[in-house]
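Dear colleague,

I am passing on a structure that you have not worked with before, and I would be glad if you could look it over before reading on. My notes follow below it.

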Amino acid sequence: MIITRRPVRTAALPEVVAASLRERIGVEWSTGDQLPSEAELAAEYAVSRHTMRASLLALQRAGLVETRHGAGTFVTRYNSSIRAGLQELRSLHDLIASQGHEPGALYRLRVRRVITPDEASRLERSLVSEVYEIEREITSDGLTVAFDYSVVAADALPGDVELSGSIFEQYARVNALPERAVARVRAVLEPSVGWGAGRNPDGLYLLLDQTQYLPGGRPLSWSRIYFLDEGFEFLIVRN
């Protein structure tokens, strides 16, 4: 058997190998296809089996492959959707990119205004406080996967903050990254949600209703993110 070696850099080898394998899914291997064995892939990439095992585990955690005991590793039927663990607090932008897709955010509304009584209660602010109100369409490879309706406490951000692209990136730039979030997930029927060609005409979405907290426990934002069921799959990890 002739083996074509794919040497990679020694820095962060499992991540580098995983990224290479991710690029091959959908091109060389389709849904249901079996990947070469761990030993064959390790030889192909000129890495140890331990490194290859870690790379395959990263793909498995991303929902791109599944390992069947005694059979091998296979491309899952979820490889075109985005998988998210409900225990994770991370940027949707980074989550989409980590699974080999191109993230995007199309903003329909960005405005600073006076807080409403409901928002003041959720964000633990006075009724004279202000918020940034955001409405945006989240995309993956140009396709709509969610609609985001969020309000962010204005006093937690500098006055010249630019809310665009990845909100988490903007938070990081001004040292206001949330430390934790409390969220509820439920199916909803909301015909008024969304806009344009990406909206669900039936109004059926999976709603992630969450409040994010800064270090120290003060609320930063309240978000209602409506996911289209064909774009995202949420996982609960039970130990």
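This is a predicted model: local features need pLDDT of at least 70, side-chain atom pairs count only at pLDDT 80 or more; totals for chains, interfaces and linings use all residues.

Residues are numbered from 1 along each chain as its sequence is written, and side-chain values use heavy atoms, with hydrogens and water left out.

The protein chain has six helices and ten strands, these being DSSP runs numbered from the N terminus (helices are H or I with at least four residues, strands are E with at least two). Of its 239 residues, 45% count as buried, a term that stands for under 20% relative accessible area, with exposed meaning over 50% and partly exposed in between (1.4 Å probe, protein chains only). Among contacts (heavy atoms within 4.5 Å) between residues at least 6 apart in sequence, 57% join residues at least 24 apart.

The aromatic residues come next. The structure holds six aromatic pairs, where rings of Phe, Tyr and Trp (its six-membered ring) pair if their centres lie within 6.5 Å, and planes under 30 degrees apart count as stacked, over 60 as edge-to-face and the rest as tilted. One of them is the edge-to-face pair of Tyr149 and Trp195, with 6.0 Å centre to centre and 80° between the planes. Since Tyr149 lies in strand S6 (residues 143-153) and Trp195 in the loop between strand S7 (180-189) and strand S8 (204-213), this pair ties together parts that are 46 residues apart in sequence. Tyr149 also forms an edge-to-face pair with Tyr226, at 5.7 Å centre to centre and 85° between the planes; because Tyr226 belongs to strand S9 (residues 219-227), that pair ties strand S6 to a part 77 residues apart in sequence. Tyr149 is buried, with a relative accessible area of 13%, and Tyr226 is buried at 7%. Together with Phe147, Trp195 and Tyr205, Tyr149 and Tyr226 form one aromatic cluster.

Val188, in strand S7, is buried with a relative accessible area of 10%. Leaving aside residues up to four places away in sequence, Val188 touches Gly203, Leu204, Tyr205, Leu207 and Tyr226, and its C-alpha atom is separated by 5.9 Å from that of Leu204, 16 residues apart along the chain.

Asp148, in strand S6, counts as buried at 2% relative accessibility. Its side chain is joined to that of Arg136 by a polar contact of 2.8 Å and to that of Ser150 by one of 2.6 Å; such a contact is a pair of N or O atoms within 3.5 Å, and within protein one must be able to donate a hydrogen and the other to accept it, while residues adjacent in sequence count only if both atoms are side-chain atoms.

Finally, the charged end of Arg110 sits over the ring of Tyr107, 4.6 Å from its centre (NZ of Lys or CZ of Arg within 6 Å of the ring centre and within 35 degrees of the ring normal).
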